[in-house]
Amino acid sequence: MGLSTKYSYHQINHGDSASRPETDPRNVLRRYLLLKYIQYLILPSSNFLASVFGMLGSIYTAVALQSPSISRKSTTVFISHLVQADVLVLIRIAELLQGYTDVKLLAGRPSFLEGLCHNLLNANEHASLLLLSCLSLEVLLITLLPAESRGLRTVRWARLACTLIWVAVLGELAVLQAAESLQRAGLSFHGDHSLVFPLLQGCVWAAPLLQMVSRVLGVLLWLGNAYVYYRVYCRAPLRRKSC
């Protein structure tokens, strides 16, 4: 029972994994999901080293996703977008590397670059957590309502969910970055910029609300994903041993 639950969750399995070679791309996707659950549920969000290893895992997984043996289902759509989310970490790595090289990014704007890197890392965390939550919801639907939820667990709905996630995450990123830039610069707009000022001022007002909503939603998603992680990766092996 636990074995079928675990394999149904990923939707990338078609038989007993013991008969597959270790280089099977589907094994790569399973390990990648396990890595992401550990990165966002166990390790602290400020652990930059974990973000680097997660990005390296995403690069390796991006290659595995090109394999013809990978089925193009809703789970694969979520995993591919989970891989894309780690692109947001690259600019943070570039910022660290410039301290050891002669190449300077955004010279003369260190505060802007620092704020941008911070917001990009937050966007990466939020997007990844939301995508993992979609995968967690999928396993619950497969476990509790396998037949009834078949119409929802499609590539079309998965792509729509990913689009909405990116719109929300990038919208939050734009609002926070605009608010921080305006506060740092202390700008006042007059004359020709009279139409721009209300928009930027709205970003300043909306930023604290967005941050509060993100924290509350993040805690709720963490709890939900932790439950699925326990059920799929911890509880299922125990059931399998007892069979």
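Buried means under 20% relative accessible area, exposed means over 50%, and partly exposed lies in between (1.4 Å probe, protein chains only). This is a predicted model: local features need pLDDT of at least 70, side-chain atom pairs count only at pLDDT 80 or more, and totals for chains, interfaces and linings use all residues. Residues are numbered from 1 along each chain as its sequence is written, and side-chain values use heavy atoms, with hydrogens and water left out.

**Exercise 1. The chain as a whole**

Task: State how many helices and strands the chain has, and what share of its residues is buried.

Solution: 
- Step 1. Take the elements. Helices (H or I, at least four residues) and strands (E, at least two) are DSSP runs, numbered from the N terminus. The chain has eight helices and zero strands. Read from the N terminus, the order is α-α-α-α-α-α-α-α.
- Step 2. Take burial. Of the 243 residues, 43% are buried.
- Step 3. Take the contacts. Contact means heavy atoms within 4.5 Å. Among contacts with a separation of 6 or more, 74% join residues 24 or more positions apart.

**Exercise 2. Helices α2 and α3**

Task: Decide how α2 and α3 are oriented to each other, and list the residues that meet.

Solution: 
- Step 1. Recall the description. Two packed helices are described by the angle between their axes and the distance between the axes.
- Step 2. Axes are lines fitted to C-alpha atoms, for helices over the stretch in contact, and angles run from 0 to 180 degrees between N-to-C directions. Angles under 35 degrees count as roughly parallel, over 145 as roughly antiparallel, 65 to 115 as roughly perpendicular, and the rest as oblique.
- Step 3. Read the pair. The α2 and α3 axes come within 10 Å and cross at roughly 160 degrees. So α2 is roughly antiparallel to α3.
- Step 4. A crossing is left-handed if the near helix is turned anticlockwise from the far one by less than a right angle, and right-handed if clockwise. The crossing of α2 and α3 is left-handed.
- Step 5. List the partners. From α2 come Pro25, Val28, Leu29, Tyr32, Leu35, Lys36 and Gln39. From α3 come Ala50, Ser51, Phe53, Gly54, Gly57, Ser58, Tyr60, Thr61 and Ala64.
- Step 6. Sort the α2 and α3 contact residues. Nine are nonpolar, six polar and one charged. Ala, Val, Leu, Ile, Met, Phe, Trp, Tyr, Cys and Pro count as nonpolar, Asp, Glu, Lys and Arg as charged, and the others, Gly among them, as polar.

**Exercise 3. Single residues**

Task: Classify His81, Thr163, Ser128 and Asn225 by accessibility.

Solution: 
- Step 1. His81 sits in α4. Its relative accessibility is 17%, so His81 is buried. Beyond four places in sequence, His81 touches Leu131, Cys162 and Trp166.
- Step 2. Thr163 lies in α7 (residues 155-185). Its relative accessible area is 44%, so Thr163 is partly exposed. Thr163 and His81 are 82 residues apart in sequence and 9.6 Å apart, C-alpha to C-alpha.
- Step 3. Ser128 is in α6 (residues 110-144). At 0% relative accessibility, Ser128 is buried. Leaving aside neighbours within four places, Ser128 contacts Tyr40, Leu82 and Ala85.
- Step 4. Asn225 belongs to α8 (residues 196-242). At 0% relative accessibility, Asn225 is buried. Leaving aside neighbours within four places, Asn225 contacts Tyr37, Leu41, Leu129, Leu132, Ser133 and Ser136.
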